[in-house]
Amino acid sequence: MKNAMDIITSRRSTRAYKPTQIDESLLTSIITAGRAAQSGGNEQLTHIIVIQNADILRELIKISKREFAKMPCTEGMYSSLTSTIEHARDADFHFDWLYSAPTLVVLAHQKGHTNAMADSVCVLQNMTIAAEALGVGSCYQNVPHWLDAAAEFREYMYDLGLGRNETITCALTLGYSAEKPRPPLPRTGNPVTYAR
């Protein structure tokens with residue numbers, strides 16, 4: 001069994017998944033780890049929406065492609081968002097931002113809450129670390145957050161449990177990796193300053 005530091009430093013984002021659904025006991029452990037995350041004022045307001053129905057996942061991809069295709073690309077826009085919009089406009093591009101993952105976890109929080117993003121990302125990070133420890137692949141997903149204000153996407157998410165007073169903060173794909181193990185990427189960013 002790896003220790004905590006080995007798990008954190010060896011984790012890689014998974015961008016190709018096997019079709020097999022993850023074991024329910026592993027999913028429960030991953031969700032439990034997420035729910036154990038710290039939150040501002042210990043309010044515990046992050047809403048975890050777990051989607052495993054293949055038809056629903058396919059529909060989310062279709063809706064998101066339509067919504068992104070309507071968005072303008074603007075100067076200075078985050079490069080990954082620009083790329084996603086451009087891919088959505090390409091009729092021949094296989095627009096599967098889920099990478100065929102059998103499970104999508106969407107996180108939401110109270111609209112206008114100061115700690116919405118921070119609380120949600122703490123939950124997500126705990127889940128990615130737990131997934132790595134349990135042999136489950138995972139990948140942070142921005143797409144649902146980028147579509148938080150997209151009418152069709154939000155309406156569909158309401159049917160899946162999103163509250164009308166909630167904002168979509170982030171998401172996570174989960175499943176067994178179909179990729180060969182890769183070494184961790186070198187960390188050259190995230191500078192550290194000490195004041196001692």
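This is a predicted model: local features need pLDDT of at least 70, side-chain atom pairs count only at pLDDT 80 or more; totals for chains, interfaces and linings use all residues.
Ground rules: local features need pLDDT of at least 70 and side-chain atom pairs pLDDT 80 or more, while totals for chains, interfaces and linings use all residues. Numbering starts from 1 along each chain as its sequence is written, and side-chain values use heavy atoms, leaving out hydrogens and water.

**Exercise 1.** Work out how H3 and H4 pack.

*Solution.* Start with the elements: H3 covers residues 54–70 and H4 covers 79–89 (helices are DSSP runs of H or I, at least four residues; strands are E, at least two; both numbered from the N terminus). Next, the geometry: the angle is about 110° and the axes lie 8 Å apart (axes are lines fitted to C-alpha atoms over the stretch in contact, with angles from 0 to 180 degrees between N-to-C directions). So H3 is roughly perpendicular to H4 (65 to 115 degrees). Finally, the contacts (heavy atoms within 4.5 Å): Lys65, Phe68 and Ala69 from H3 meet H4 residues including Leu81 and Ile85.

**Exercise 2.** Find which residues Leu104 touches beyond its neighbours within four places in sequence.

*Solution.* Go through the partners: among them are Ile49, Val50 and Ile51, then Leu57 and Leu60.

**Exercise 3.** Is Ser13 buried or exposed?

*Solution.* First place Ser13: it's in the loop between H1 (4–10) and H2 (24–35). Then check accessibility: at 17%, Ser13 counts as buried (under 20% relative accessible area, with exposed over 50% and partly exposed in between, using a 1.4 Å probe and protein chains only). Lastly, setting aside neighbours within four places in sequence, Ser13 contacts Ser138, Cys139, Glu179 and Arg182.

How values were computed: Angles under 35 degrees count as roughly parallel, over 145 as roughly antiparallel, 65 to 115 as roughly perpendicular and the rest as oblique.
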